[in-house]
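User: I would like to go through this model term by term and ask what stands behind each label. Please set every value against its definition before you conclude.

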Amino acid sequence: VQRLMGGKPMLYGSPSITPALRATERIHVYLDVSYSMDDVIAALYGAMRTCEQWMHREVHLFSTTVSDISFKQLKEGVIVSGGGTKIDCVAQHVQTHRVKRALLLTDGYVGELSEETKDVFKGIALVVGLAGNSSTSQHLAGIARKCETLATDMP
């Protein structure tokens, strides 16, 4: 997760040498909390706990709607989910809030994207982190600047 946000992940704790981003440059993180993500949610929440300095002040959880949670709620493990997955709600949130940079964490099962939704995502700096054993970039690879599979296995 740190690598996708522009940082250099470390295997041990130490001060970051990455320059701090200005508040206006922080990345909006959209996290898929649909049922198909159940096996990797804990690992993603844990990874994001170390990325607060690069992230927007709210994490955007999505399934069939987008629910914003604070970083404090993320640390507490709060999850708000509608069950299924509809990527259109993310596109609408991006447009409404004029998001310029976003990280989308998902297994890739977001349904077919309408041309309008594709246009919204092509208009921003979007990076996709694919999580889960059966993740797919089928629907998202064409709209993201970068699409990478994340290792979410617990040792």
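Analyst: Two strands count as paired if DSSP finds at least two bridges between them, where strands (E, at least two residues) and helices (H or I, at least four residues) are DSSP runs, numbered from the N terminus. This is a predicted model, in which local features need pLDDT of at least 70 and side-chain atom pairs count only at pLDDT 80 or more, while totals for chains, interfaces and linings use all residues. Residues are numbered from 1 along each chain as its sequence is written, and side-chain values use heavy atoms, with hydrogens and water left out.

User: How do you know that strand 4 and strand 5 pair?

Analyst: Six bridges join strand 4 to strand 5 (residues 125–130), and the two run parallel; since the definition asks for at least two bridges, the label of a pair applies. Within this pair, Leu103 stands opposite Val127 in strand 5. Strand 4 also pairs with strand 1 in the parallel sense, over four bridges, and there His28 stands opposite Ala102.

User: Which strands does strand 2 pair with, and in what sense?

Analyst: Strand 1 and strand 2 pair in the parallel sense over five bridges, with Asp32 opposite Phe62 in strand 2. Strand 2 and strand 3 pair in the antiparallel sense, also over five bridges, and in that arrangement Glu58 stands opposite Ser70 in strand 3. A hairpin of three residues makes the join from strand 2 to strand 3.

User: What makes the unit of strand 1, helix 1 and strand 2 right-handed?

Analyst: A crossover is called right-handed if, with the strands pointing away from the viewer, the path from the first strand over the helix to the second runs clockwise. Strand 1, helix 1 and strand 2 make a right-handed β-α-β unit in this sense, and strand 4, helix 4 (residues 115–122) and strand 5 make a right-handed β-α-β unit as well. Along the sequence, the whole protein follows the pattern β-α-β-β-α-α-β-α-β-β, which holds four helices and six strands.

User: Why is Glu148 called buried?

Analyst: Buried means under 20% relative accessible area, exposed means over 50%, and partly exposed lies in between (1.4 Å probe, protein chains only). Glu148 has a relative accessible area of 19%, so the label buried applies. Glu148 is found in strand 6 (residues 146–149), and its side chain makes a polar contact with the side chain of Lys146 at 3.5 Å. A polar contact is a pair of N or O atoms within 3.5 Å; within protein, one must be able to donate a hydrogen and the other to accept it, and residues adjacent in sequence count only if both atoms are side-chain atoms.

User: Why do Ser36 and Arg98 get the accessibility labels they have?

Analyst: Ser36 has 45% relative accessibility and therefore counts as partly exposed, whereas Arg98 is exposed because its relative accessible area is 69%. Ser36 lies in the loop between strand 1 and helix 1, and its side chain makes a polar contact with the side chain of Asp107 at 2.5 Å. The C-alpha atoms of Ser36 and Gly83 are separated by 8.6 Å, although these residues are 47 apart along the chain. Arg98, in the loop between helix 3 (88–96) and strand 4, has a positive phi of about 50° although it is not a glycine.

User: What makes a group of residues in this protein a nonpolar core, and which members of the largest one touch the most others?

Analyst: A nonpolar core is a set of buried Ala, Val, Leu, Ile, Met, Phe, Trp, Tyr and Cys residues joined through side-chain atoms within 4.5 Å. The largest such core has 23 residues, and Leu31, Leu44, Tyr45, Met48 and Leu105 touch the most other members. Two or more residues each come from strand 1 (27–32), helix 1 (41–48), strand 2 (55–62), helix 2 (71–76) and strand 4 (101–106), with the largest share, four residues, from helix 1. A second, separate core of 21 residues includes Cys89, Ala102, Leu113 and Leu130.

User: Which residues of helix 1 are buried, and what do they pack against?

Analyst: Ile41, Ala43, Leu44, Tyr45 and Met48 are buried in helix 1. The buried residues of this helix pack against strand 1, strand 2, strand 3 (66–70), helix 2 and strand 4.

User: How do you know that strand 2 and strand 4 are mostly covered?

Analyst: In strand 2, six of the eight residues are buried, and in strand 4, five of the six are. Over the protein, 45% of the 155 residues count as buried.

Key
Contact means heavy atoms within 4.5 Å.
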